Amino acid sequence: LDVQRTYNFNAGPSALPLSVLEKAQAELVNFRGTGMSVMELSHRSAAYEEVHNVAKSRLKELLSIPYNYEILFLQGGASLQFSMIPMNFLQSGKKASYVMTGSWSEKAFKEAKLFGEAYQAASSKEDKYRTIPKLSDLIFDQSDAYLHITSNNTIYGTQWKVFPNTENVPLIADMSSDILSRPIDVSKFALIYAGAQKNLGPSGVTVVIIRKELLEQANTNIPTMLKYSTHVNNNSLYNTPPTFGIYMLGEVLGWVQEQGGIQEIAKRNEEKAKLIYDVIDQSNGFYIGHAGTDSRSLMNITFNLQSEELEKKFLSEAKKEGFVGVNGHRSIGGCRASTYNAVPYEACKAFSEFMVQFQKNNG
Ligand code: PLP
C-alpha cells in the first residue's frame, strides 16, 4: 500500500497503528461476511457480541486483570468519570482524597467537591507540576472513600513511577494517557479508567476496570446511566455502546499482542522517549525539559526553548518538516512530543535528529 503517513505526535486523539487502520479499511463495508459494516451491525447480534467480548478478553489478558474485576466500555470520556466516581463512591460522612499533579487532577477534584467532601492528599502545583509528589508526602486517612491519582499527566509531562500502597483505602487512577504503555499491577487499584483516544483506539470509548468489591459500596440513589452497576449487570450493553470504537479498540489490543505484549511495548516506549530526552539533556540548556528527571513521562515529553520567539520558530520549522502536534497544550504553551504506543521508533528518531539540527542552526 502506498500510503503517506505523517509523523504524528498529537496528544490525543493520537496515532493509531497503520496495520489496524488498514484492516479496518479492508473490513469497512463487508464485515467478516455479514454484508454490513461493523457500524451497521445490531449491538444485540452475535457478530457484534463477538467483537465486544474479544476486546474485553484481550484487555484482560494484556493487563492480567484478576478475576474479581469487571471491564466496562462506557461513553462520556474520562471527563465523565471525574463525576461518576464521586457520584458512586463518595458516601456521605466520608471524604475523598486527591493527589494533584496537573490540570486533569484539578478537573477530577473539582467534580468530587460537587458531590461531597474532598481534599488534597498532596500537590505539586507550587512546583508548576514538574514532579510527582513523594509517596511519603501523601497525607490521607484510612477512612477515606478513596484516593485518586492521575498516573500520567498529559499536559505537564510527568508520570508516576511507583504507585502508593493505600491499604484499606481504594486507589483510583486516571490512566487515560499511559494505560497499556507499561506493565501495571491491576490488583493495587480499585478502579482504573481511561479515555481510549491515546493508547487504546479512537475517541468515543472509555475503558473502566473496576474491582467487584468496590461496587458493593456504591451509592444507589443516582441516575441509572451513571451507575457502574448498570453497566456491569449488562456487559456494557445496557444501551447502544460505541460499537465502532469498541471494534477498533479490540483491533488495537490485537496489535499490541502481535507486538509481543506490554513488556515489549514498554521496552520500545523507553527507547523512543530516550531518543528525545537525550537530546534535551545533551543540549546544554538549549532545550529545557519541564518535568523533573525522576518524574519524566514516557508518553508526553514537554520542553521549552530559551525564548518564546525561538519556540515559535522551532514549532514552525517542525511543522514544515512534517512533525505534527508538537506544540504544547494551549494552557501552558511550549513544546510537547507525545510518543504513545503507536508512534513508531522512526518518528521519534527523525524528531530527535530534527531537534539536534535545529540547535546547530540556531544555537
Ligand atoms: N485525563 C487525562 C490524563 C487526559 O489526558 C485527558 C484528555 O486528554 C482526560 C482525562 C480527558 O479525557 P476525555 O477527553 O476523554 O474526557
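1. Basis. Residue numbers start from 1 in each chain and follow its sequence as written. The model is predicted, so local features require pLDDT of at least 70 and side-chain atom pairs count only at pLDDT 80 or more, while totals for chains, interfaces and linings use all residues.

2. Ligand shell. Around the ligand are Gly12, Gly77, Ala78, Ser79, Trp104, Thr150, Thr154, Asp174, Ser176, Ser177 and Gly195; a residue is near a molecule if its C-beta atom, placed from the backbone, lies within 6 Å of it. Helix α3 (residues 77–89) supplies the largest share of this shell, with three residues. Helices (H or I, at least four residues) and strands (E, at least two) are DSSP runs, numbered from the N terminus.

3. Shell composition. Eight residues of the shell are polar, two are nonpolar and one is charged. Here Ala, Val, Leu, Ile, Met, Phe, Trp, Tyr, Cys and Pro count as nonpolar, Asp, Glu, Lys and Arg as charged, and the others, Gly among them, as polar.

4. An unreviewed UniProt entry annotates Lys198 as "modified residue: N6-(pyridoxal phosphate)lysine". UniProt positions follow the numbering used here, feature names are shortened, and annotations may be inferred rather than shown by experiment. Lys198 sits in the loop between β9 (191–195) and β10 (206–211). Lys198 counts as buried because it has 30 C-beta neighbours inside 10 Å. The classes are buried if 20 or more other C-beta atoms lie within 10 Å of the residue's own, exposed if 12 or fewer, and partly exposed in between, with C-beta atoms placed from the backbone.

5. Contacts of Lys198. Leaving aside residues up to four places away in sequence, Lys198 touches Gly12, Ser14, Ser176, Ser177 and Tyr340. Contact requires C-beta atoms, placed from the backbone, within 7 Å. Gly12, Ser176 and Ser177 are also among the residues around the ligand.

6. Arg44 lies in the loop between α1 (18–27) and α2 (46–62). Arg44 counts as exposed because it has 9 C-beta neighbours inside 10 Å.

7. Strand β5. In β5 (residues 146–150), five of the five residues are buried. Tyr146, His148 and Thr150 point one way, Leu147 and Ile149 the other. Thr150 is also listed around the ligand.

8. Pairing of β5. Strands pair if DSSP finds at least two bridges between them. β5 pairs in the parallel sense with β3 (residues 95–100) over three bridges, and Tyr98 has His148 as its bridge partner. β5 also pairs in the parallel sense with β8 (residues 171–174), over four bridges, where Ile149 stands opposite Ala173.

Conventions
Two residues are in contact if their C-beta atoms, placed from the backbone, lie within 7 Å.
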